[in-house]
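Here are a few quick notes from my pass through this model. Have it open next to you as you read.

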Amino acid sequence: MALFLLSAAPAPPDSTVRKKVLAIFYSMRQAPLLVDVDAALRRELTDGLGDRLEYSTEHIDLSRLPDPVYQSAVRAYLRTKYVESPPDVVIATSSTIVQFASRDPLFPDVPLVYATRSGVTAGPRAAGVISDIDFRGTLTAALDAQPDARDVFLVGGSAPGEQTYLDLLRRQCRDLETRVTFHEITGLSLPEIEKRVRRLPAGSIVYYLGVIGDNSGRTYSAVEAAESISAASSAPVYGWHEGFLGHGIVGGRLHSAVNDVRETARVAVRVLNGERLEALGARKIDSGVFEFDARQLQRWSIAESSLPAGSVVVFRQPTFFDRYRGYVLGGLLVIAAQLMLITGLLVQRAMRRRAEDALIDATARNSAILRAVPDLMFVVDRDGRYLDYHVRDRRLLLVQPEEFMGRTICEVMPPELAGQFMDAIGQVAGRTEPVVIEYDLMLDELRHFEVRILPVDPFRFLAIVREVTESRRAMDLNRTLAGRLITSQEDERQRIARELHDHMAQRLSLLAVDLGTLAREDGSPAGLRTRLAALSSHASELGGDLQRVSHRLHPATLEQLGLEMAIDAFCRELAQTRRVAIDVESHGVPAALAPDVALCLYRVAQEALQNVVRHSGASQVTVRLAGEDGVLVLTIEDDGRGFDAGAPIEHAALGLTSMRERVRLAGGTLAVESRKGGGTRVEARVPVREARSV
Amino acid sequence: MSGPALPRRPRVLLADDYAPLLVSWRRILDPSCDVVDAVGDGREVLAAARTHAPDVVVLDIAMPEVNGLVACRELKASYPGIGVVLVSAFDDAAFQQAANAAGAAAFVVKSVAADELERAIDHAFSGTSAFRAFTRPPR
């Protein structure tokens with residue numbers, strides 16, 4: 001066994017003999033796609049062979065290769081050229097070269113090491129790698145990024161060999177034909193292709209296969225063609241070759257010819273080090289990698305989250321966020337808090353996910369935060385001139401950057417709004433707090449926006465724009481519902497109070513009266529009269545209790561005595577039971593106030609006074625009710641310990657929200673002024689409406 | 001009817017929107033008073049007062065259309081010599097004050113015993129300007 005292993009082991013490499021490697025490429029030496037491939041091959045060989053490497057290359061013009069006369073001429077030329085000093089290994093860097101070098105072996109005695117694809121095999125004295133292009137991977141990634149796409153435009157050239165790419169793609173993607181329609185744009189000149197891709201149906205996908213030659217025999221650089229086609233295209237352009245990335249394509253499952261030749265070079269080194277060709281054979285490798293261009297993703301608003309797992313995103317730009325990080329963060333913090341309040345758990349979950357992503361990549365984090373906020377951001381100078389902008393989705397822009405960049409707010413925006421913006425810029429200069437402007441625009445419908453303007457430095461200002469239509473609508477709905485709740489609750493309380501009063505308490509009163517009458521009738525035994533008097537008294541008490549319940553539900557005083565006396569009665573009772581001094585002053589209150597206005601102010605007084613006795617520790621309270629110029633103003637002022645009027649929790653605890661809603665329902669406003677240790681002042685202003693005359 | 005002898009029985013007008021109570025009151029008052037009419041709301045009271053020229057009007061405060069307080073003010077304005085007894089289901093200081101302010105001579109809690117109502121009518125009929133409240137004693 002040990003002997004066998006020894007004999008199978010390669011002979012130790014001779015460190016002095018030079019190894020001649022001839023690499024044959026399919027295209028011009030200076031073709032951009034080949035420069036990297038050539039360099040990678042040479043580097044890998046040098047790594048394996050060091051100083052022993054004697055490297056030479058031949059470039060065969062692919063566009064002329066099928067011509068048998070050209071082929072045999074090239075073959076004759078190469079044999080002649082290397083007759084004196086034949087290579088130790090020939091490297092065929094692509095399947096086209098494999099075919100050329102094996103059909104009529106170029107150097108029959110020299111081992112051929114190759115990079116090929118499935119279906120193209122070399123002769124017996126050969127070893128190498130089989131690396132297939134994953135055309136399908138690019139298309140499925142494109143369909144993940146654009147799930148609604150229905151049309152795929154395959155853009156290819158018509159130089160020899162180019163049709164092969166198209167055939168392979170169609171074969172690999174046959175099952176997708178039920179999902180999308182393939183349209184071929186091949187054989188056209190570059191200007192004709194550009195014209196075709198300029199007006200594609202919405203949501204199309206362009207699959208760029210490479211254009212080296214057209215039907216009229218013109219040749220192009222596949223890389224330069226990628227650039228001009230992508231620039232002209234109205235739909236995202238995807239590709240399959242790593243060399244296209246950075247030249248306009250969004251990306252895809254990119255085939256790495258560099259990786260292919262690196263693997264091939266390793267095989268060549270092993271061959272040169274004495275390993276047997278048969279032992280090395282043909283090994284299948286995968287040189288595909290999902291790779292995308294950040295600039296193109298941004299151009300087409302493709303979310304990185306829609307890319308296949310493990311995708312590499314290159315060409316990241318320093319983001320707007322990188323440049324204005326500090327200022328943006330300040331604004332974002334406020335907005336993020338608001339967003340969280342509004343959208344609750346959903347947003348939290350999304351943010352957590354974004355936050356997790358952010359840990360992986362700082363740049364990704366920045367852009368993720370930006371994406372999380374549906375904002376437009378602009379940097380303007382003191383004159384309101386647009387210096388820079390960030391937009392998550394260009395569709396959010398009402399005016400395109402070409403039209404506003406370098407111009408001023410006054411030139412771009414409606415005059416009134418521009419005036420507001422310029423005023424805000426004036427105000428915010430030299431401050432740290434942002435100025436917030438809310439404004440409405442009549443677009444397809446009335447939409448609400450909010451802009452926060454804050455200074456970046458003395459000369460530049462950041463404007464963060466957020467559409468708040470949805471949250472405004474939610475708030476309006478919330479208010480409407482709160483209003484309805486208050487109204488229906490009051491209606492219900494009033495109904496029950498009436499029921500208690502009219503039907504139960506009245507009848508009990510009658511019962512008490514009748515029992516009382518019986519009790520004093522002459523001729524009845526004395527014992528019976530005493531018992532009847534007691535029953536009358538019980539019935540009366542029960543009636544009284546019911547009246548009190550009814551009153552608590554809905555104040556009878558308000559209806560029967562009016563607002564002034566009802567508030568006065570309430571204050572008197574409270575002062576008695578809670579031992580607090582309450583001064584009540586009133587003047588100018590109309591005699592016949594609309595019941596809802598009266599009820600609103602009564603409830604505000606009730607709520608505010610209950611807060612005073614429960615929480616403030618006040619010893620002196622003043623309640624004022626004054627009618628002036630069609631407005632009724634109710635003020636409740638105390639000398640208690642006060643609270644933080646800005647804290648939302650206090651608002652909830654003190655029922656301020658419901659007070660505010662009541663006042664708003666009556667068309668008025670509520671102001672609460674308070675600070676810790678400084679007492680509280682609640683002021684409700686409600687327009688006077690008189691009761692409809694009877 | 002107890003108390004000092006009066007030259008004649010008081011002419012009494014009753015007003016309450018709860019009809020069964022009017023029947024009971026009438027039964028209580030018949031021995032001592034002339035109940036000239038019993039009506040169901042404040043507006044009718046004014047017309048009935050014109051027709052019957054009562055000495056005393058017993059008025060419930062909580063009545064539809066024109067309430068007892070408003071009717072009381074109007075009665076006193078038209079017939080300053082008329083005695084008004086205001087009645088409420090609520091034994092509440094605010095109602096007593098309101099009754100006093102409206103010019104009533106007496107305030108009576110609705111469920112009060114029969115003799116309290118008689119005393120209140122007597123008080124109103126006496127022509128005094130002093131206001132008195134007749135309520136159930138506190139429990």
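1. The buried residues of α9(A) are A257(A), V258(A), D260(A), V261(A), E263(A), T264(A), A265(A), V267(A), A268(A), V269(A), V271(A) and L272(A). Keep in mind that this is a predicted model. Taken as a count, 12 of the 16 residues in α9(A) are buried, so the helix is mostly covered. Note that the list includes D260(A) and E263(A).

2. On geometry, α9 of chain A runs over residues 257-272.

3. What happens to the backbone just after α9(A)? There, G274(A) takes a positive phi of about 105°.

4. R579(A) deserves a look too: its phi is positive, about 50°, although this residue is not a glycine. You'll find R579(A) in the loop between α20 (563-578) and β19 (581-587) of chain A. Is R579(A) buried or exposed? Its relative accessibility is 78%, and the cut-off for exposed is over 50%, so R579(A) counts as exposed.

5. D629(A) is another non-glycine with a positive phi, at about 50°. Its place is the loop between β20 (620-628) and β21 (631-638) of chain A. D629(A) counts as exposed because its relative accessibility is 81%.

Notes:
Residues numbered from 1 in each chain as written. Chains lettered and ligands numbered in written order. Predicted model: local features only at pLDDT ≥ 70, side-chain atom pairs only at ≥ 80, totals over all residues. Heavy atoms only, no water. Helix = DSSP H or I, 4+ residues; strand = E, 2+ residues; numbered from the N terminus. Expected span 1.5 Å × (residues − 1). Buried < 20%, exposed > 50% of the residue type's maximum accessible area, 1.4 Å probe, protein only.
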